[in-house]
Every structure is written in structure tokens, then in C-alpha cells.
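Me: I have a model open and want to go through its packing and pairings. Can we take it step by step?

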Amino acid sequence: MEEKAIGLLNKIQDTCIKYHYGRIDTILKDAQNMSNDIRDFCSTFLQENVFGMEEEDYQLLQTYTLQVLEDFVGATQHQDTVWMLDTLDAGLRELLMVFIDEKDMEEPVYGE
């Protein structure tokens with residue numbers, strides 16, 4: 001699962017870096033291209049409690065996951081770049097980091 005999370009995080013980072021540093025606004029198109037990966041990844045949190053968490057904590061995780069997915073759909077429907085940027089770069093990133101050990105990540109090189 002870590003490989004899948006890192007792959008999705010790299011796609012998100014590429015999209016966000018293009019927007020912030022290159023002023024290339026392809027966020028909505030890139031997000032649409034990632035939608036199947038995002039759906040598959042988020043389904044991990046919704047199917048069953050694979051983490052052995054306390055039920056109350058797991059319900060909070062599910063609620064958060066559903067909110068991220070609702071934000072993704074809302075940003076897509078409204079074609080809202082800023083909302084999508086926030087959904088990818090903040091909301092989804094939090095879920096991805098459940099599976100990623102930050103010390104294993106390379107530092108991103110900006111401006112390449």
C-alpha cells in the first residue's frame with residue numbers, strides 16, 4: 001500500500017508544483033486523471049477496519065475520508081481550482097501519509 005500511496009502523492013505533488021511554481025493550471029484535468037487512483041486508495045479506509053483501531057477512531061477516519069471524497073466531487077462539479085488544490089494538497093495528503101514514512105521520501109526538487 002505504501003507504493004500506491006507514494007505514487008499518488010508524487011502525482012499530487014507534481015500537479016501542485018506546476019500550479020504554484022510554474023503557474024500551470026492543470027489541477028482539474030490532472031485530478032480527473034487521478035480520480036480512479038484516488039477512489040481506489042480511499043476505498044481502503046471505507047471497506048473495513050484494517051488498522052485495528054478503536055471503533056470510534058475508525059469512524060472518525062471514515063468520516064474524514066468521506067469528506068475528502070465529497071470535496072473532490074464538489075470541486076470537480078464546480079470546476080473550482082482552489083477547492084481542488086486544497087482537497088489534493090491538504091485533505092488527501094493526510095490520508096496518504098498514513099502509509100508513508102516521511103524519512104523514506106526524497107526531498108522534492110522545485111523548478112525542474
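The questions and answers below concern this predicted model.

Me: Which element gives the largest share of the largest nonpolar core?
Reply: The core has 26 residues. Elements giving two or more residues to this core are α1 (2–22), α2 (27–47), α3 (55–77) and α4 (81–96). Eight residues, the largest share, come from α2.

Me: Which residues touch the most other members of that core?
Reply: Nonpolar side chains tend to be buried together in soluble globular proteins. In this core of 26 residues, the ones touching the most other members are Phe41, Leu88, Leu92 and Leu96.

Me: What is leucine 88 in contact with, leaving aside neighbours within four places in sequence?
Reply: A contact needs heavy atoms within 4.5 Å. With those neighbours left aside, leucine 88 is in contact with Ile12, Ile27, Ala31, Met34, Ile38, Phe72 and Arg93.

Me: Is threonine 44 buried or exposed?
Reply: Threonine 44 sits in helix α2. Beyond four places in sequence, threonine 44 touches Met1 and Phe99. Its relative accessibility is 18%. The cut-off for buried is under 20%, so threonine 44 counts as buried.

Me: How far apart in sequence are the parts that lysine 11 and aspartate 37 tie together?
Reply: The two residues form a salt bridge, with the closest N and O atoms 2.6 Å apart. Lysine 11 is partly exposed at 38% relative accessibility, and aspartate 37 is partly exposed at 32%. Lysine 11 lies in helix α1 and aspartate 37 in helix α2, so the pair ties together parts separated in sequence by 26 residues.

Me: In the salt bridge of aspartate 30 and lysine 18, what is the N to O distance?
Reply: Aspartate 30 belongs to helix α2 and lysine 18 to helix α1, so this pair ties together parts twelve residues apart in sequence. Aspartate 30 is buried at 13% relative accessibility, whereas lysine 18 is partly exposed at 31%. Their side chains meet with an N to O distance of 3.0 Å.

Me: How many salt bridges does the structure hold?
Reply: Side chains of opposite charge can pair when their charged atoms come close. Arginine 39 and aspartate 40 give one example, at 3.2 Å from N to O. The number of salt bridges in the structure is four.

Me: What span is expected for α3?
Reply: α3 has 23 residues. The expected span is 1.5 Å times one less than the number of residues. From first C-alpha to last, α3 reaches 33 Å, close to the expected 33 Å.

Me: What covers the buried residues of α3?
Reply: Buried residues in α3 are Tyr58, Leu61, Gln62, Thr65, Val68, Phe72, Gly74 and Ala75. Their cover includes α2 and α4.

Me: Is the pair of phenylalanine 41 and phenylalanine 99 stacked or edge-to-face?
Reply: Phenylalanine 41 in helix α2 and phenylalanine 99 in the segment after α4 are 58 residues apart. Both are buried, phenylalanine 41 at 0% and phenylalanine 99 at 18% relative accessibility. The ring centres lie 5.7 Å apart and the planes stand at 80°, so the pair is edge-to-face.

Key. Residues numbered from 1 in each chain as written. Predicted model: local features only at pLDDT ≥ 70, side-chain atom pairs only at ≥ 80, totals over all residues. Heavy atoms only, no water. Core = buried A, V, L, I, M, F, W, Y, C linked by side-chain atoms within 4.5 Å. Buried < 20%, exposed > 50% of the residue type's maximum accessible area, 1.4 Å probe, protein only. Helix = DSSP H or I, 4+ residues; strand = E, 2+ residues; numbered from the N terminus. Phe/Tyr/Trp six-rings, centres within 6.5 Å; stacked < 30°, edge-to-face > 60°.
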